[in-house]
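Dear colleague,

Please find below the structure that I am handing over to you, together with its sequence. My findings follow it.

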Amino acid sequence: MRRVIGVVSGKGGVGKTTFVANVGLAVTGFDEESIVIDADLFTSNLGLQLGLYKSPLGLQDALEGGISVYDIIHTHHSGLKIIPTSMYPSHLFKKTVTPYRLKSLLKDIYSLILIDSPPGLGKEVFFVLKACDEVLVVTNPDIPSVTDAMRVISAARELKKDPINIVVNRVKDDYELKPEEIEMMCDAPVIGEIPEDKMIKRSLFEKTPLIHYSPHSPAAVAFKKIAANILGIDYKPPSLLRLRRIFRKF
Ligand code: ADP
Ligand code: MG
């Protein structure tokens, strides 16, 4: 299987990096090969979320040439395969390294590839959009996030990406946009919703993706459902879990 999915948002802080780490790992849990790539070259934190502080080599080295993409793949103890960005200051400030070669770098990797992207609509995001086939837009259910989602969706549409799907993260209460409203505003389908979940903060502290740290927490179940949806397979949360959620309401 070879699928390249660009995870974008427009607005920063909506949950792209958390999404990429967890859905990447959930895909692996469904016995499919997956690899996550940190293409957020200047404000990267996918590696940080996984405790990879000192990666001597990263995506920038492969982008500059001379180093094979296979030499920069790390395997996290959870089983997640990741291409991090190098955290070396010389790389972080080298603005000449751009992801324009990203597409050709990935052409030999046969797995489901999830690319974590920077916020905004600058050239780094443009190269992520160029490198991917499919686009997944992560948004929060509020007007500023959805407005930025609309912008990135129209850029993806101009580049003829297909499909373009939406995931709504940090769903909490009634005082926010509903999936149907987001679909209408963006003219693209919402394929999943992830609830606000305090366990995410704890899993970040432990540098372990939520679905390993707390596999039955509401957001972990949502990540697994979305991974199954992406793979086109059935996933039913354990029934005990559903009962627990029903009883929590009383
Ligand atoms: P982005 O990559 O889009 O900038 P991050 O994945 O870094 O966003 O997430 C931003 C912050 O939001 C992080 O502190 C993360 O822990 C928190 N967060 C993300 N999703 C959720 C959620 N479903 N529930 C609670 N906190 C979340
Ligand atoms: Mg991020």
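The largest pocket is the space taken by ligand 1. Please note that this is a predicted model.

An oxygen atom of ligand 1 lies 2.9 Å from a polar backbone atom of G13. On the nitrogen side, an N or O atom in the side chain of N169 is 2.9 Å from a nitrogen atom of ligand 1, and a backbone N or O atom of D197 is 3.0 Å from a nitrogen atom of the ligand.

As to the surroundings, ligand 1 has 15 residues around it, and G13, K16, T17, T18 and N169 are the closest. By class, this shell is made up of six polar, five nonpolar and four charged residues. The largest share comes from α1, with three residues.

Turning to the overall fold, the protein chain has 12 helices and eight strands. Its radius of gyration is 17 Å, close to the 18 Å that the globule rule gives for 250 residues, so the chain is as compact as a globular protein of that length. The C-alpha trace spans about 60 × 40 × 30 Å along its principal axes.

Yours sincerely

Conventions:
Residues are numbered from 1 along each chain as its sequence is written. Chains are lettered from A and ligands numbered from 1 in the order in which they are written. This is a predicted model: local features need pLDDT of at least 70, side-chain atom pairs count only at pLDDT 80 or more; totals for chains, interfaces and linings use all residues. Side-chain values use heavy atoms; hydrogens and water are left out. A residue is near a molecule or strand if one of its heavy atoms lies within 4 Å of it. A polar contact is a pair of N or O atoms within 3.5 Å; within protein, one must be able to donate a hydrogen and the other to accept it, and residues adjacent in sequence count only if both atoms are side-chain atoms. On a 1 Å grid over the protein atoms alone, a cavity is a set of points where a 1.4 Å probe fits but cannot get out, and a pocket is an open set with protein on both sides within 12 Å along at least five of seven lines; lining residues have an atom within 4 Å of a point. A molecule sits in a cavity or pocket if more than half of its atoms lie within 2 Å of its grid points. Helices (H or I, at least four residues) and strands (E, at least two) are DSSP runs, numbered from the N terminus. Ala, Val, Leu, Ile, Met, Phe, Trp, Tyr, Cys and Pro count as nonpolar, Asp, Glu, Lys and Arg as charged, and the others, Gly among them, as polar. The radius of gyration is taken over C-alpha atoms; the globule rule is 2.2 Å times the number of residues to the power 0.38.
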